[in-house]
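Let's take a friendly walk through this model, one spot at a time. Have the sequence and the 3D view ready.

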Amino acid sequence: MASVTAHTSTGSGRDKRSPPHILTLVALVSVSTLAMNVFLPSLAPMAAYFQTDYGIMQLAVGLYLGMNAVLQLIVGPLSDRYGRRPVILWGIVLFMLATVGCLLSTTIEAFLIFRVAQAAIVTAMVLSRAVVRDLYPQDKAASMLGYVTMGMSVVPMIAPAIGGKLEIWYGWQANFWLLLACGAALFVLTWKDLGETAPRAGGSFRDQVRDYPELLMSPRFWGYCAASAFASGTFFAYLGGAPYVGTNVFGMDSDVLGFFFGAPALGYMIGNGLSGRYSARFGIDRMILWGAVGQVSGLSVLLALTILGYTSPWVFFGFITFVGLGNGLVIPNATAGMLSVRPHLAGTASGLGGAMMIGGGALLSVVAGKLLELGGGALPLVLIMVASGVASIGAIVLTIRRNRRLAAA
């Protein structure tokens, strides 16, 4: 599994390169994930630095996710029109410039503006998925996506711990120096290794956007998007609420919170490994259903323990591993499903589906942060995660029924 094997060699000049090494695809997703969560244990100290309250500082998560959603609506059609490679490279450059802006910010307003601009790195994550789908059929693509995301699952497991330590030792800015260095390294790696995997479509960008109705009219596309969005919604709610729970409910310092914060990644790594090994054997629908049910089962136990008063960092973050396990099974398989509804629109589908997932996540992240400030300990956060997980089960059940009707027709 040293490299991905291309079906075609398209493009000209620099585009005529060997297909990317799988580690390049892992790196594209990893830096995107690093940008999302490395600084989260530092939110409370950053709020003090910028002399603002936690609710405002937490917008660095919600607004970032919101811009991720908006950009994914644009990135997909752009990559179908101009190719995966140039869009990824430009996204990395913009991310690096925005990171410099974060480092130079002296007010919360300036920081939030540049933090939102950092969302340009989403091009790497979105289009790495499209690259895989360019090269493989549906079930094989799900397996490859499982391996890719399993490889990057180490990042969210260790990034918060590293970020917490960097903040303690050198201040919150150290996290953004790390992001800048990773962005530069990713640009060089992508420039050297990632060739073009999709033939360039004809027509204008407006023509590409006109393809959205073709996807939006498909109940199967909606079903896979909803299953992925609600399953990942549990994780995004966690991103928005866990820093508050760790700091204000459990009284944890940044470095200790960083150690616990990566709990979902442990389950995510296991789930991705299972996806990589078994998706081609059992099919994507079963894997999605099993992942959604497993996620809700673990969170339901956590909900019961929280209501009964059995709360501690070990209990809370321990059961949060089920969030990662469910996402590791649901996301790669649901992604393969939504990209396979209209294979010729893989980039557009990846962007549109990702926008739905991240947009919903941004909303849940902000809601979780606001509800936690009203009191009730960790209970509001757990309730939001359980509700989102149940919705994911409902979405995939309806999609499975739809697929069976189409097969019988």
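## Starting at Ile284

Ile284 lies in helix H16, which covers residues 284-308; helices here (H or I, at least four residues) are DSSP runs numbered from the N terminus, as are strands (E, at least two). Ile284 is buried, with a relative accessible area of 3%. For that label, buried means under 20% relative accessible area, exposed means over 50%, and partly exposed is in between, using a 1.4 Å probe and protein chains only. Along the chain, Ile284 and Asn333 are 49 residues apart, yet their C-alpha atoms are separated by 5.0 Å.

A bit of housekeeping before we go on. This is a predicted model, so local features need pLDDT of at least 70 and side-chain atom pairs count only at pLDDT 80 or more, while totals for chains, interfaces and linings use all residues. Residues are numbered from 1 along each chain as its sequence is written, and side-chain values use heavy atoms, with hydrogens and water left out.

Helix H13 takes in residues 219-249, 31 residues in total, and reaches 42 Å from its first C-alpha to its last. That is close to the 45 Å expected at 1.5 Å a residue, where the expected span is 1.5 Å times one less than the number of residues. H13 bends by about 45° at Gly241, and Pro243 follows within four residues. The bend is the angle between axes fitted to the seven residues ending at a residue and the seven starting there. Because 23 of its 31 residues are buried, H13 is largely enclosed by the rest of the structure. After H13 comes Gly251, with a positive phi near 65°.

Helix H15 has 20 residues, 263-282, and reaches 27 Å, close to the 28 Å expected. Where does H15 kink? The kink, about 40°, is centred on Gly276. Buried residues in H15 include Pro264, Tyr268, Asn272 and Gly276. Gly283 follows H15, and its phi is positive, near 90°.

## Rings and charges

Now for the aromatic side chains. Rings of Phe, Tyr and Trp (its six-membered ring) pair if their centres lie within 6.5 Å; planes under 30 degrees apart count as stacked, over 60 as edge-to-face and the rest as tilted. By this rule there are 22 aromatic pairs. The centres of Phe316 and Phe317 are 5.0 Å apart and their planes are at 90°, so this pair is edge-to-face. Phe316 and Phe317 are both buried. Phe319 and Phe322 make a stacked pair, 6.2 Å centre to centre with 20° between the planes. Phe319 is partly exposed at 22% relative accessible area, and Phe322 is partly exposed at 30%. Ring pairs also link a cluster that includes Phe235, Tyr238, Phe259, Trp314 and Phe316.

Two arginines sit over rings as well. The charged end of Arg85 is over the ring of Trp191, 4.9 Å from its centre, and that of Arg115 is over the ring of Tyr64, 3.7 Å from its centre. To count, NZ of Lys or CZ of Arg must be within 6 Å of the ring centre and within 35 degrees of the ring normal.

## Asn403 and its neighbours

Asn403 belongs to helix H20, residues 379-408, and counts as buried at 14% relative accessibility. Which residues does Asn403 touch, not counting those up to four places away in sequence? They are Arg220, Tyr224 and Asp285, with contact meaning heavy atoms within 4.5 Å.

The side chain of Asn403 also makes a polar contact with the side chain of Tyr224, at 3.0 Å. A polar contact is a pair of N or O atoms within 3.5 Å; within protein, one must be able to donate a hydrogen and the other to accept it, and residues adjacent in sequence count only if both atoms are side-chain atoms.
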